[in-house]
Each structure stands twice: as C-alpha cells, then as structure tokens.
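Here is a short briefing on one model. It covers a sheet, the nonpolar cores and a helix.

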Amino acid sequence: MKKYIGLLVLLMGSWASAAIHEVNDYEKTVYYSLTPYLEMNVMDLDGDGGILSLSLTYDGDLARQEMEKVKATYPGYKLTLLTAQVAGAPLKVEIPYAGISEQTVLRQGQMGPYMNLQISLKSDQVAKLKTLSKKSDFLSLEIPVQASYSSSTELEKFENSVNCSDLKVNRVEDLILNLSRMKQPSTMHYDQTFVSYKKDLLQKCFETDPSSVKSFKDVLSLSVKSRADSVMVKGTHLDRQSHDVKFNLVPVLKVQIN
C-alpha cells in the first residue's frame with residue numbers, strides 16, 4: 001500500500017516566518033529555512049467549469065524579508081540557510097469544501113521543494129473556490145519536509161591566568177619538557193580540553209627566533225622567548241553533532257481568480 005502525505009486545505013491565519021531550527025550560542029549561528037509561496041490560480045471557464053493551478057515556489061523578496069527579521073531577532077549572529085528536502089512520499093492535496101482530492105509529487109529545487117499541479121474543476125467547484133478565496137483569512141498548507149546540518153556545542157571551557165615567565169623556558173627542548181610534565185587541573189574533566197589548553201598556552205606565551213635548522217637537534221636547541229608576562233589561557237572541548245530535523249513548511253498563499 002502506498003503512503004501519502006496528506007495536505008488538507010484549511011481556513012487559518014498564515015504569517016510568513018522563517019523556520020528556526022537551532023540558535024547556537026557557541027557558534028553565534030542561527031540555522032533556519034525559508035517559507036515558500038503557494039500560488040493558487042482559479043481559472044473560470046464559465047459553463048465549461050474551470051482549472052485550479054497550484055504552484056509551490058520561492059520568492060526573493062520574501063526570502064530577504066525573512067533574513068532581515070532573523071538578523072534583527074538575533075543581532076551579531078551568523079545566519080546559515082538550510083534547504084528543505086522533499087520527504088519522499090507522494091502528496092495528496094485535499095480541499096474538502098470544494099470536493100477536491102488529488103495526488104501529486106513534490107520535486108526538489110535549489111531553494112527547497114516545489115510543485116506545479118493543475119486540476120480540472122466543475123462549475124460548482126469554481127463557485128465554491130471563489131467563495132473560499134474571499135474569506136479574510138488565508139488558506140494554509142503544512143508540508144512535511146526534512147533538513148540536515150552539523151553544529152558544535154561547547155562541552156567544557158577552562159580558563160585561567162598564566163605567568164609565562166614562571167615556566168622558565170629558554171629553548172624548544174625546555175618547552176617540550178615543561179608541557180609533558182604539566183598536570184591536568186582536577187577541575188578539568190576532559191583530556192581534549194587539556195590538549196586545547198596547552199595549544200593556547202603555546203600560541204599566547206612563546207615564540208621562537210627564526211633561524212635555519214638542519215636536524216631535529218637543531219630544532220630542540222632553538223631559543224624561545226616569552227611573549228608576555230601574564231596572559232589568559234583557555235582550553236575548550238567541543239562536541240560536533242549531525243542533525244536530521246523534520247518539520248512542516250507552511251507556505252504563504254497567493255490567490256488569483258481569472
């Protein structure tokens with residue numbers, strides 16, 4: 001038995017608003033998806049009935065409006081647009097008030113799913129759709145889709161002040177020995193945090209004199225200078241995760257009667 005995604009046309013308010021999937025405070029990034037337009041065109045052929053055309057599309061002006069709205073809501077955050085993907089099941093479009101029930105298939109586009117569907121109408125169906133389109137509320141469809149992305153979260157952050165000169169480093173060999181003997185603080189829970197901490201310490205505290213080397217022994221003998229007396233050194237441990245989200249697209253309806 002085939003599975004269908006049922007789309008039921010209802011009378012309800014429809015407001016264009018981007019779908020927010022994650023607000024990542026560590027990355028300072030908002031992951032979101034765009035809202036499509038559902039263009040509904042009813043062509044009245046007088047005594048010969050009519051044609052209902054349904055088109056799911058995306059509009060550049062609406063996309064910019066949604067982007068600006070997300071920017072204003074999350075100032076200082078980077079925006080990452082996720083492309084909604086077709087869920088895969090056939091699509092059943094139903095408008096019970098006008099006795100309409102048709103099956104179609106969503107196609108995948110660069111900005112998200114799209115469709116173009118034409119339905120032949122009887123004269124009484126045309127009349128009912130005309131009445132329906134004059135309602136003050138928009139018609140709205142909810143379309144199941146999915147999106148995939150990856151994001152990072154901070155599992156641990158350790159930071160303290162270090163006096164670089166206390167490490168008593170004169171050569172690269174001294175630096176290696178000091179780092180190998182350094183004890184992980186008891187309040188630091190992850191080894192990855194400690195590795196990150198030592199990398200930050202190297203970058204902030206020390207620099208070597210540029211000179212040509214011919215062997216590893218020469219590298220060990222390079223002189224090392226402290227960059228500052230006291231610096232803040234930070235170590236972090238990040239968790240990178242993949243996300244598969246399922247959600248509903250709620251298009252903005254545009255109705256035209258010819």
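Two strands pair if DSSP finds at least two bridges between them. Helices (H or I, at least four residues) and strands (E, at least two) are DSSP runs, numbered from the N terminus. This is a predicted model: local features need pLDDT of at least 70, side-chain atom pairs count only at pLDDT 80 or more, and totals for chains, interfaces and linings use all residues. Residues are numbered from 1 along each chain as its sequence is written, and side-chain values use heavy atoms, with hydrogens and water left out.

**The sheet**

- An open sheet of 3 strands runs in the order S3-S4-S7, with mixed pairing.
- S3 and S7 stand at the edges with a single partner strand each, so one side of each has no neighbour in the sheet.
- From one strand to the next, the twist averages 20° (axes are lines fitted to C-alpha atoms, for helices over the stretch in contact; angles run from 0 to 180 degrees between N-to-C directions).
- S3 (residues 19-24) and S4 run antiparallel, joined by 5 bridges.
- Glutamate 22 stands opposite tyrosine 31 in S4.
- S3 and S4 make a hairpin with 4 residues between them. Lysine 28, in the turn, has a positive phi of about 55°.
- S4 and S7 (residues 78-81) run parallel, with 4 bridges between them.
- In S7, lysine 78 is the bridge partner of threonine 29, and leucine 81 is that of tyrosine 32.

**Burial of S4**

- Buried means under 20% relative accessible area, exposed over 50%, and partly exposed in between (1.4 Å probe, protein chains only).
- S4 (residues 29-33) is mostly covered, with 5 of its 5 residues buried.
- Thr29, Tyr31 and Ser33 point one way from S4, while Val30 and Tyr32 point the other way.

**Nonpolar cores**

- A nonpolar core is a set of buried Ala, Val, Leu, Ile, Met, Phe, Trp, Tyr and Cys residues joined through side-chain atoms within 4.5 Å.
- The largest such core has 38 residues. Those with the most contacts inside it are Met40, Leu52, Ile95, Ile100, Leu121 and Leu129.
- A second, separate core has 18 residues, including Phe194, Tyr197, Leu222 and Val233.
- Contact means heavy atoms within 4.5 Å. Neighbours within four places in sequence aside, leucine 52 contacts residues including Met40, Asn41, Val42, Leu117 and Gln118.

**Valine 233**

- Valine 233 lies in strand S17 (residues 230-249).
- Valine 233 counts as buried because its relative accessibility is 0%.
- Its C-alpha atom is separated by 6.1 Å from that of aspartate 200, 33 residues apart along the chain.
- Not counting residues up to four places away in sequence, valine 233 touches Phe158, Glu159, Asn160, Val162, Tyr197, Asp200, Leu201 and Lys204.

**Helix H4**

- H4 (residues 191-205) has 15 residues and should span 21 Å at 1.5 Å a residue; the expected span is 1.5 Å times one less than the number of residues. Its end C-alpha atoms are 21 Å apart, which agrees.
- Thr193, Phe194, Tyr197, Asp200, Leu201 and Cys205 are buried in H4.
- Seen down the axis, the buried residues of H4 fall within an arc of 125°, so they line one face. The arc is that of the directions from the helix axis to the C-beta atoms.
- On the face of H4 turned away from its buried side, Asp191, Lys199 and Gln203 are exposed.
- The cover over the buried residues of H4 includes S14 (143-163), helix H3 (172-181) and S17.
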